[in-house]
Amino acid sequence: MNNKIHPDLQRLFLDLIQIDAVSGKEQPVADFIRSVTASLGFPAQEDGAASLSGGNSGNIIVPVNGGGDFLLMAHMDTPRSTKGVKPQLLADRITSDGTTILGVDDRGGISAILWALRQAVEQKKAIKPCTLLFSVCEETTLAGSMFYQPSAQMTHGFVFDSHLSPGKFVSETCGAIAFKMKVKGRASHAGVAPEKGVNAIQIAAEGMRNFPFGRIDACTTANIGIIGGGTATNVVPDTVELEGEIRTDYLDQGEQMMQAVIADFEAAATRLNGSVECAWHWDFKPYRVSPDNTPYKRMEALCRHLSLEMEGVKSMGGSDANNMNAKGLPTINLGVGAQNPHGTDEFILYDDLQMSADMALVLLTEI
């Protein structure tokens with residue numbers, strides 16, 4: 001065991017990364033969490049989030065001393081499989097052997113919270129009433145946090161899920177609109193009777209002519225990332241499907257941009273005798289937690305207590321914190337030090353994993 005990390009915390013983390021549980025298949029991690037919390041005297045509950053996610057588990061909810069007015073939260077799924085992971089315990093960090101991801105995102109967050117609860121119980125510390133929430137499908141649809149409904153007594157939350165170093169946290173993010181477009185033309189033989197066809201690829205190309213690809217300004221980006229259509233080189237294609245996103249800090253701006261994109265495609269379809277269908281929704285909405293909000297103030301006190309340099313930052317990505325804020329629950333996403341997340345070169349420093357766990361323990365018992 002490395003002397004920079006508590007042996008129980010290291011064992012928890014290593015046990016968790018060995019459990020293969022990608023989005024929609026979180027049940028083994030759910031069972032592990034239930035076993036740990038039950039052994040500490042805090043039985044877990046499972047909600048009905050599987051009905052929304054289509055997965056094999058709901059969220060795992062652990063009311064601590066009545067459930068309290070705040071959440072500590074992490075997600076149970078990994079973005080890619082950890083099957084066969086071979087952790088490498090180096091001098092200052094834990095990595096995989098490079099053939100799989102390590103699974104720090106977010107087994108690091110789960111480990112931190114479970115270790116903190118265990119330490120609080122074993123050290124007979126008074127534990128603040130709170131709720132531990134372990135969500136499903138964060139990496140794909142955010143279905144777990146979308147389904148979860150905070151109780152009326154809830155006032156704020158902390159998500160343990162950022163790649164940032166401990167002390168740093170995500171205090172604001174953009175929102176993201178996801179859209180799917182189906183462009184319809186009319187099929188015909190491309191050599192014998194091309195004039196009878198309406199080329200859906202041509203319509204899509206015309207529709208994309210004014211699409212605002214890339215970075216539009218400091219708080220706005222747009223992308224079309226998936227396009228598919230056509231059946232053969234000698235057939236005028238009658239259908240093209242594409243998927244994209246718009247990210248922005250502002251709900252009105254995002255929705256106005258989406259309507260402009262739809263209008264461009266519809267205009268192209270009208271000119272070329274085709275049609276367009278579009279479905280879109282907010283994948284996650286923007287949020288900003290200000291310094292006068294409770295989780296921000298508690299973070300300031302926490303960092304003073306642990307002698308950490310504090311920094312609230314903006315992210316262009318989303319997390320479960322977006323859905324909590326959208327439900328009226330001010331929530332920040334804490335750095336746990338999951339570096340190079342989603343890659344086979346992912347790693348976590350022993351110091352960062354231990355500090356994340358120490359932060360959870362202080363939130364549970366002191367600050």
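Colleague: Let's take contact to mean heavy atoms within 4.5 Å. For contacts in the chain with a separation of 6 or more, what percentage do residues 24 or more positions apart account for?

Modeller: Happy to start there: this is a predicted model, in which local features need pLDDT of at least 70, side-chain atom pairs count only at pLDDT 80 or more, and totals for chains, interfaces and linings use all residues. Residues are numbered from 1 along each chain as its sequence is written, and side-chain values use heavy atoms, with hydrogens and water left out. Among contacts with a separation of 6 or more, the part that comes from residues 24 or more positions apart is 78%.

Colleague: How many helices and strands does the chain have?

Modeller: Helices (H or I, at least four residues) and strands (E, at least two) are DSSP runs, numbered from the N terminus. The C-alpha atoms fill a box of roughly 80 × 45 × 35 Å along the principal axes. Within the chain, the secondary structure comes to ten helices and 17 strands.

Colleague: And what percentage of the 367 residues count as buried?

Modeller: Buried means under 20% relative accessible area, exposed over 50%, and partly exposed in between, with a 1.4 Å probe and protein chains only. By that rule, the buried part of the 367 residues is 51%.

Colleague: How do the residues of the contact of helix 6 with helix 7 divide?

Modeller: Ile203, Ala204, Glu206 and Gly207 of helix 6 meet Asp264, Phe265, Ala268, Ala269 and Arg271 of helix 7. Ala, Val, Leu, Ile, Met, Phe, Trp, Tyr, Cys and Pro count as nonpolar, Asp, Glu, Lys and Arg as charged, and the others, Gly among them, as polar. The residues of this contact of helix 6 with helix 7 divide into five nonpolar, one polar and three charged.

Colleague: Is the crossing of helix 1 and helix 4 left-handed or right-handed?

Modeller: The axes of helix 1 (residues 7-17) and helix 4 come within 9 Å and cross at roughly 140°, which makes helix 1 oblique to helix 4. A crossing is left-handed if the near helix is turned anticlockwise from the far one by less than a right angle, and right-handed if clockwise. The crossing of helix 1 and helix 4 is right-handed.

Colleague: Which residue does a cis peptide bond join to aspartate 105?

Modeller: At this bond, omega is about 10°.

Colleague: How many disulfides does the structure hold?

Modeller: A disulfide is a pair of cysteine sulfur atoms within 2.5 Å. For cysteine 174, the nearest cysteine sulfur, that of cysteine 219, is 8.9 Å away, and cysteine 174 counts as buried at 0% relative accessibility. The number of disulfides in the structure is zero.

Colleague: Is serine 57 buried or exposed?

Modeller: Serine 57 is found in the loop between helix 3 (50-53) and strand 2 (60-64). Beyond residues up to four places away in sequence, serine 57 touches Glu26, Gln27, Ala30, Glu46, Ala50, Met76 and Val136. With a relative accessibility of 0%, serine 57 counts as buried.

Colleague: Last one: what is the relative accessible area of asparagine 273?

Modeller: Asparagine 273 sits in the loop between helix 7 and strand 13 (275-284). Its phi is near 65°, a positive value in a residue other than glycine. Asparagine 273 is exposed, with a relative accessible area of 59%.

Key. Axes fitted to C-alpha atoms, helices over the stretch in contact; angles between N-to-C directions. Parallel < 35°, antiparallel > 145°, perpendicular 65-115°, else oblique.
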